[in-house]
Amino acid sequence: RTVFMDIKKVQKALRKKFYFTHHAVEKMIERKIDDAEIQEAIENGEIIEEYPKDKYGPTCLIYGLTKVRRPLHVLISYSEPLWIITAYEPKESEWINYTTRREK
């Protein structure tokens with residue numbers, strides 16, 4: 001697959017400034033994900049899917065592990081400042097190694 005976005009640039013933007021959408025905050029509370037875990041997942045992460053024509057502008061899905069090895073997917077808007085759109089713990093039934101979608 002062609003990679004348009006660069007995880008190193010995302011990580012650099014994250015260190016400068018980032019925001020959470022209202023949706024992200026709601027889902028993080030519901031799923032018991034804190035902002036430190038989001039940062040850890042992105043810092044240790046890799047871009048697994050890209051959506052260049054998303055309604056938020058270019059977005060990408062990042063897979064990463066937290067310090068306690070919790071797998072997370074984080075959808076971010078690829079810009080500066082960075083916007084966290086949502087985050088969740090991927091289901092093994094839907095993902096191969098949390099990075100490739102299983103066929104339905």
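A salt bridge is here a side-chain nitrogen of Lys or Arg within 4 Å of a carboxyl oxygen of Asp or Glu. The model is predicted, so local features need pLDDT of at least 70 and side-chain atom pairs count only at pLDDT 80 or more, while totals for chains, interfaces and linings use all residues. Residues are numbered from 1 along each chain as its sequence is written, and side-chain values use heavy atoms, with hydrogens and water left out.

**Exercise 1.** Determine the strand order of the open sheet and identify its edge strands.

*Solution.* Begin with the elements themselves: helices (H or I, at least four residues) and strands (E, at least two) are DSSP runs, numbered from the N terminus. Two strands pair if DSSP finds at least two bridges between them. On this basis the open sheet has five strands in the order E1-E5-E4-E3-E2, with mixed pairing. Its edge strands, each pairing on one side only, are E1 (18–20) and E2 (46–51). Next, look inside the sheet, where E3 (residues 59–65) and E4 (residues 71–77) run antiparallel and are joined by seven bridges; in one of these pairings, Leu-65 has Pro-71 of E4 as its bridge partner.

**Exercise 2.** Find which residues are linked with Arg-70 in a network of salt bridges, and explain what each pair ties together.

*Solution.* Then take the salt bridge between Arg-70 and Glu-89, at 2.7 Å from N to O. Because Glu-89 lies in the loop between E5 and strand E6 (95–96), this second pair ties together parts 19 residues apart in sequence.

**Exercise 3.** Locate the salt bridge of Glu-49 and decide whether each partner is buried, partly exposed or exposed.

*Solution.* The partner is Arg-101, and the closest N and O atoms are 2.8 Å apart. This pair links distant parts of the chain, with Glu-49 in strand E2 and Arg-101 in strand E7 (residues 100–101), 52 residues apart. For the classes, buried means under 20% relative accessible area, exposed over 50%, and partly exposed in between (1.4 Å probe, protein chains only). Glu-49, with a relative accessible area of 15%, is therefore buried, whereas Arg-101, at 45%, is partly exposed.
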